[in-house]
Amino acid sequence: MKRKATTRTAPAPKSSPVKTAFNYLSVMVMAAVLILGIGIGIAFSSTTITDTRNVASREFIDRAAPNADLCVQYGASAMVMDTRLFVSLNPFNVYVSQPSMRPGCVLRTNSWNLLEDRKLVTHEQVRDCKNRMNTFGFTGDLGTSPEINCVYQNDGAKNFYLTQSGGTPGQTEQF
């Protein structure tokens with residue numbers, strides 16, 4: 001005679017009210033810590049950095065521009081990088097000097113009269129720059145001895161930070 005197999009199922013464990021309250025309490029504490037951490041991170045990242053070794057915002061660049069009020073009103077503040085390239089032909093090599101970074105400003109084409117009125121550029125320089133569809137950029141204070149150049153806007157240099165992430169570059173004002 002065969003014995004009938006009996007299967008016993010273990011009774012389901014009953015959860016105690018203390019254990020359930022402990023689980024909810026721990027989840028709430030972890031959520032509060034997460035929210036507090038995000039808040040502290042936002043507070044640290046949104047503070048203005050005034051250290052000259054760290055240029056982290058457009059406002060910092062605007063304040064550092066020569067003739068900052070004039071630059072923001074009639075153009076755009078900029079970072080000017082001066083560097084030199086040396087090319088030897090025999091043997092063929094390219095050498096690059098250490099760049100120097102300075103604050104600067106690029107003027108809109110309809111604001112060139114500021115430079116002409118102060119007699120910083122001649123009418124011929126304005127005509128030559130306009131014929132090449134360029135604009136003027138400068139470093140240094142306009143009241144003392146600025147370095148003024150006719151600069152070309154390079155539309156080929158796109159913002160790859162935006163295009164790689166799938167976003168489209170914002171509208172830029174033509175200078």
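This is a predicted model: local features need pLDDT of at least 70, side-chain atom pairs count only at pLDDT 80 or more; totals for chains, interfaces and linings use all residues.

Is Glu147 buried, partly exposed or exposed? I looked it up: Glu147 is partly exposed, with a relative accessible area of 43%.

Next, the salt bridge of Glu147. Its side chain meets that of Arg102 at 3.1 Å, N to O. Glu147 belongs to strand β6 (residues 147-151) and Arg102 to strand β4, so this contact ties together parts 45 residues apart in sequence.

Then I checked what else Arg102 touches. I found a salt bridge between the side chains of Arg102 and Asp82, at 2.2 Å, N to O. That one also links distant parts of the chain, with Arg102 in strand β4 and Asp82 in strand β1, 20 residues apart. The count of salt bridges comes to 2. Through shared partners, Asp82, Arg102 and Glu147 join into one network.

The cut-offs I need here are under 20% for buried and over 50% for exposed.

Last, the strands around this. I see β1 (residues 75-82) pairing with β4 (residues 100-107) in the antiparallel sense, over 8 bridges. Within that pairing, Met79 stands opposite Pro103 of β4. I also have β4 pairing with β5 (residues 135-139), again antiparallel, over 3 bridges. There, Cys105 has Phe138 in β5 as its bridge partner.

Note on methods:
Residues are numbered from 1 along each chain as its sequence is written. Side-chain values use heavy atoms; hydrogens and water are left out. Two strands pair if DSSP finds at least two bridges between them. Helices (H or I, at least four residues) and strands (E, at least two) are DSSP runs, numbered from the N terminus. A salt bridge is a side-chain nitrogen of Lys or Arg within 4 Å of a carboxyl oxygen of Asp or Glu. Buried means under 20% relative accessible area, exposed over 50%, partly exposed in between (1.4 Å probe, protein chains only).
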